[in-house]
Amino acid sequence: MRLEAIENPTLARSLGLPVLALVATFMVGGFLAMLAGANPLLTFGLIVKGAVGSKFALLETLNRATPLIFTGLAVAVAFRAKLWNIGAEAQLYAGALVTILIGTKLALPGPLLIPLMGIGAMIAGGVVLLGPVLLKTRLGVDEVVTTLLFNFIMLLLISMLLEGPLKDPMGMGWPKSEAIPRNARLPRLVEGLRLHWGFGIAILSAVVVWVVQTRTTLGYEIRAVGLNAEAARFAGIPVGAVMVKTALLSGGLAALAGYSEVAGLKGNLTLDLSPGFGYTGIVVAMLALLNPLGVIVSAIFVAGIFVGADGMSRAAEVPTYIADILLACALLFMVLAILLTKFRVRKG
Amino acid sequence: MSEIVDILISASFWAAVLRIASPLIFATMGELICERAGVLNLGIEGIMVIGAFAGWIAVYAGLPLWGGVAVAMLSGMFFGLIHAVLTVPFGLSQHVVGIGITLLATSSAYYAYRLSLPEVSSPPRIEPFQPIDIPGLSDLPFVGPALFSQTPLTYFAFFTVLVVALVLYRTPLGLALRAVGENPSAVEAQGLSVTALRMGAVIVGSGLMAVGGAFLTISAFSSFFFEMVNGRGWICIALVVFGAWSPSRALLGALLFAAFDALQVRLQQTSYGTLVPYQVFLMIPYILSILALILMSRRANVPAALMTPYNRGER
């Protein structure tokens, strides 16, 4: 077989295939539910109910979507420049760490701490990604492996700090940090509802990234480098500098996920702050076709599946890991569907 | 320092080096085959997880140990097939698909684990491979207990390197495989199918990765734990680069790496262990992998067509 480019794909093709990818994903899900001895439709019903069935469930989904918007944006920005940042997990923890350091060690008024922690977190996240990116641009070391390996190093570093200098003396022996003061927490978005300003900042970030990508020179340069780095260099675009800026932006966004989880939700730092938000960000970004505004939608969708699966598994005998399989399938089916909107399969 | 010397001259240390190296050798050879054919396989981490699970559950269900190895290999080949279809004929991003395969294989293993053992709080144990003394050689002083009293899978790992090297450099198939990673159009011009060669390499390579995973459950630990692969797959990708895509040098890299890993575990028990937090020791493997990548970055002879999909009729 070979692939043949389609000049003008029809609307039915451009829209139908991605929808088909989602249908295929849920067919796999249905099969998995049947393997567990459950009724597929009932299982999906329970997932939907668990995700959006009540005000509490919906707010829980939005809360879970918040870090995913940040890590999804981080991945979307980087992948657009063909910078394969698989290390959003490490950058998230770097952001969380600096948030805790500033929040617990600096005796400043809360209103001052809130922005300071955010800025500090972004710098930390950017710096963490800068290492692998400089290794890539200067020495040609593949960033996929280095960013992946950094995830493990960062988690061990956090573990070391939580059992050492950052350990909460009142923590009953658990490896967790002291909490940041109450007045340095991100306030509720709406009084009385369990949804914090981290969600607002996430939406705002998505809009800012969209503006940067579509309305600025940097956005143009990032796209040019991603499409063809050699051609971009030939056209006089400083490829190395664009990569560094992309890295700072991407790492900073991932770090905001850690900032928002600590300052908005948890208050302190533990080793289970992120159940893989950094890796899930890759799925979020790909489902959004790397579009920053699309990231908001896909993050809420992905968060809904996770929250819904939690609720579902309490009622039905289907393990929660069905959510992870669904997302992996969605990712693979979606990249294939997107390809087939632009190419036709020919025999021979 | 004397503590380090004491460790290095003990036979049990070198026996541990071979044991720790074994899963890495399988998976590194698997990745090497894929990359020599021009396909990066980031599914490696997840494929090791599914191999570890599939091999273990098969033995738990009553299959003999070698049956478990075969089941693990088949499970890896299945996910390798998905990776191959998406990246070779469809030419999708090898990065994105690879990460997707890792997520899919890992979550499939966890899902299947929960389904097959819903009630247990800790995973049941199986009777793993036992060390086999090589007659004559295992009686040698020092060398015997260090090298010739290993489980069959460890011997098999070294045998695999030999086979991979022989096939790659001494057979027409190996020549075609190497060529397909360097200059696919030339291979096509010879009347061979680039698609078939690359897909075959990815499927076989993925089978080997899964055997590497299975080593952990049916030769080393006798049980399946979540997160037991713990980045070993990513380390193997670094080892392929470190070995400059050559089987013998990759083997050397795996042994060197295992030696450092065995050393850090033992150093934790010494006076160094009380001075330095244990997390620092656990970081060493990952830091070494990054250092290895940096060290080799200037000289590595990357297969020219690595990560470049081939679409017939283009150009």
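How many nonpolar, polar and charged residues does the lining of the largest cavity have? By class there are 3 nonpolar, 2 polar and 1 charged, where Ala, Val, Leu, Ile, Met, Phe, Trp, Tyr, Cys and Pro count as nonpolar, Asp, Glu, Lys and Arg as charged, and the others, Gly among them, as polar. This is a predicted model, in which local features need pLDDT of at least 70 and side-chain atom pairs count only at pLDDT 80 or more, while totals for chains, interfaces and linings use all residues. Residues are numbered from 1 along each chain as its sequence is written, chains are lettered from A in the order in which they are written, and side-chain values use heavy atoms, with hydrogens and water left out.

The lining of that cavity consists of B:Thr87, B:Val88, B:Val194, B:Thr195, B:Arg198 and B:Tyr310, and its largest share, 3 residues, is given by helix H10 (residues 194–221) of chain B. Its volume is about 30 Å³, and a search of the whole structure finds 1 cavity of 30 Å³ or more. On a 1 Å grid over the protein atoms alone, a cavity is a set of points where a 1.4 Å probe fits but cannot get out, whereas a pocket is an open set with protein on both sides within 12 Å along at least five of seven lines, and lining residues have an atom within 4 Å of a point.

The second largest pocket has a volume of about 1400 Å³. Of the 36 residues that line this pocket, A:Lys82, A:Trp84, A:Gly226, B:Leu92 and B:Ser93 are the closest to its centre. Among the elements that give two or more residues to the lining are helix H3 (55–80) of chain A and helix H5 (94–116) of chain B, and the largest share, 5 residues, comes from H13(A). The lining divides into 21 nonpolar, 7 polar and 8 charged residues.

Where the two chains meet, the contact (heavy atoms within 4.5 Å) takes 47 residues from chain A and 43 residues from chain B. Together they bury about 4100 Å², 82% of it on carbon and sulfur atoms, buried area being the accessible area (1.4 Å probe) that two parts lose on being put together, summed over both. The count of salt bridges between chain A and chain B is 0, a salt bridge being a side-chain nitrogen of Lys or Arg within 4 Å of a carboxyl oxygen of Asp or Glu.

Over all chains, a search of the whole structure finds 6 salt bridges. In one salt bridge the side chains of A:Arg344 and A:Glu4 meet at 3.7 Å, N to O. This pair links distant parts of the chain, 340 residues apart, with A:Arg344 in strand S2 (residues 343–346) and A:Glu4 in strand S1 of chain A; helices (H or I, at least four residues) and strands (E, at least two) are DSSP runs, numbered from the N terminus.

Terms used:
Grid points are joined across faces, edges and corners, and a volume is the space filled by probe spheres set on the points.
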